[in-house]
Amino acid sequence: MGQLVRKSVLIVLGAIWLVPVYLMIVNAGKTNADYGKTSPWQPTSLGSLVDNAATAWDRGNLLDGVISTLIYAVVSPSIAAIIGAMAGFAIIALKLRHSFLWFTVIFSSTVFPIQMVLMPLFIGYVQLDLYDTRFGMILLYTVISVPFSAFVMRNFFSGIAQQVFEAAVMDGAGSWRIFWRIYVPMSFPALVAIFILQATFIWNDLLLGLTLTQSRENRPIVTLLSALQSTYGGSTMPVVLAGGLLVSLPTVILFLATQRSFTRGLALGQF
């Protein structure tokens, strides 16, 4: 009985979660005339879905955004995951002095919302010639991703017995070798989970891309997509929604392709 109730609740929650997806697909496939005359809930033949997606792709110059965002979403989470793993290794395995204080300092950057530092961040980027550069965006996304990475890896490494580190030391391995040859391979699922979550955040970012980039070559994909709705973009809602479907596909594919490792990584060391 309990299992039936659990499944029923999950089915209902899944259906509720799919409602926005349904609305997006239904309205992205409408013509301009259909969108103005029919209810947003009313489906049509979806015959204009491909045409609307092609219009969004061409008019929004989304190829440039895909290239830039792909660079940001691959490089920054990868670097942040390794830095977070190093921090977690130092805190848990190496027993760093005042380790909790260091962890608090690293994680404290997540306390304040990013909106509070947008203006000084913008000024600093302009002064350092990092504004509207791919290097500047990679640097920012990496810094933002490190605290969460350190938090996850600290929890993950705390589930690995200290005897593993001690045995490696007894065999003559140094700290650097122990980290790369033992701890990193053991924490691969956690690293994958960190990468997926942070890559998804970067792929869907609008605020930072809108504030710190200007040229279409450096702007993230969601920022370019939002320009379709602007006064100068002049695109209709079905075109914008079709572009939103295109933009969301990579993250969906990423989750589907790595769901096993992602699930294991969320277990935080429970092998």
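**Fold at a glance**

Tutor: Read along the sequence, the chain runs α-α-α-α-α-α-α-α-α-α-α-α-α-α. Helices (H or I, at least four residues) and strands (E, at least two) are DSSP runs, numbered from the N terminus. This is a predicted model, where local features need pLDDT of at least 70 and side-chain atom pairs count only at pLDDT 80 or more, while totals for chains, interfaces and linings use all residues. Residues are numbered from 1 along each chain as its sequence is written, and side-chain values use heavy atoms, with hydrogens and water left out.

Student: How many helices and strands does the chain have?

Tutor: There are 14 helices and 0 strands.

Student: And what does the C-alpha trace span along its principal axes?

Tutor: About 75 × 65 × 30 Å.

Student: How much of the chain is buried?

Tutor: Of its 271 residues, 38% count as buried. Buried means under 20% relative accessible area, exposed over 50%, partly exposed in between (1.4 Å probe, protein chains only). The chain exposes about 15300 Å², and carbon and sulfur atoms supply 69% of that. Those areas come from the Shrake-Rupley method with a 1.4 Å probe; for residues, only the protein chains shown count as cover.

Student: What share of the contacts is between residues 24 or more positions apart?

Tutor: Among contacts with a separation of 6 or more, 72%. Contact means heavy atoms within 4.5 Å.

Student: Core next. Which residues touch the most other members of the largest nonpolar core?

Tutor: Tyr72, Tyr125, Leu140, Tyr141, Leu212, Ile221 and Val247, out of 25 residues. A nonpolar core is a set of buried Ala, Val, Leu, Ile, Met, Phe, Trp, Tyr and Cys residues joined through side-chain atoms within 4.5 Å.

Student: Which helices supply at least two residues of this core?

Tutor: H4 (62–92), H6 (118–127), H7 (134–157), H10 (188–203), H11 (207–212), H12 (221–227) and H13 (237–257) each do. Apart from this core lies another, of 22 residues, among them Phe103, Val152, Ile160 and Ala190.

Student: Zoom in on Leu212. What is it in contact with?

Tutor: Leaving aside neighbours within four places in sequence, Leu212 contacts Leu121, Phe122, Tyr125, Tyr131, Asp132, Met137 and Leu140.

Student: Is Met137 buried or exposed?

Tutor: Buried, because its relative accessibility is 0%. Met137 lies in helix H7. With neighbours within four places set aside, Met137 contacts Tyr72, Ser76, Leu208, Gly209, Leu212 and Thr213. The C-alpha atoms of Met137 and Thr69 are separated by 9.6 Å, though the two are 68 residues apart along the chain.

Student: Switching to charges. How many salt bridges does the structure hold?

Tutor: It holds 2. A salt bridge is a side-chain nitrogen of Lys or Arg within 4 Å of a carboxyl oxygen of Asp or Glu. One pairs Arg216 with Asp64 (3.4 Å, N to O). That pair links distant parts of the chain: Arg216 sits in the loop between H11 and H12, Asp64 in helix H4, 152 residues apart.

Student: And which side chains meet in the 3.9 Å salt bridge?

Tutor: Glu217 and Arg216. Shared partners join Asp64, Arg216 and Glu217 into one network.

Student: How exposed are they?

Tutor: Arg216 is partly exposed at 39% relative accessible area. Glu217 is partly exposed, at 39%. Asp64 is partly exposed at 23%.

Student: Now H1. Where is the kink?

Tutor: At Leu18, about 35°, shortly before the proline Pro20. The bend at a residue is the angle between axes fitted to the seven residues ending there and the seven starting there.

Student: What is buried in H1?

Tutor: Val26, Asn27 and Ala28. Their cover includes helix H2 (32–37), helix H3 (49–59) and H13.

Student: Where does H13 bend?

Tutor: At Ser248, by about 30°, and a proline, Pro250, follows within four residues. H13 has 21 residues and reaches 31 Å from first C-alpha to last, close to the 30 Å expected at 1.5 Å a residue. The expected span is 1.5 Å times one less than the number of residues.

Student: What covers the buried residues of H13?

Tutor: The cover includes H1, H2, H3, H10 and H12. Buried residues of H13 include Pro238, Gly243, Val247 and Thr251.
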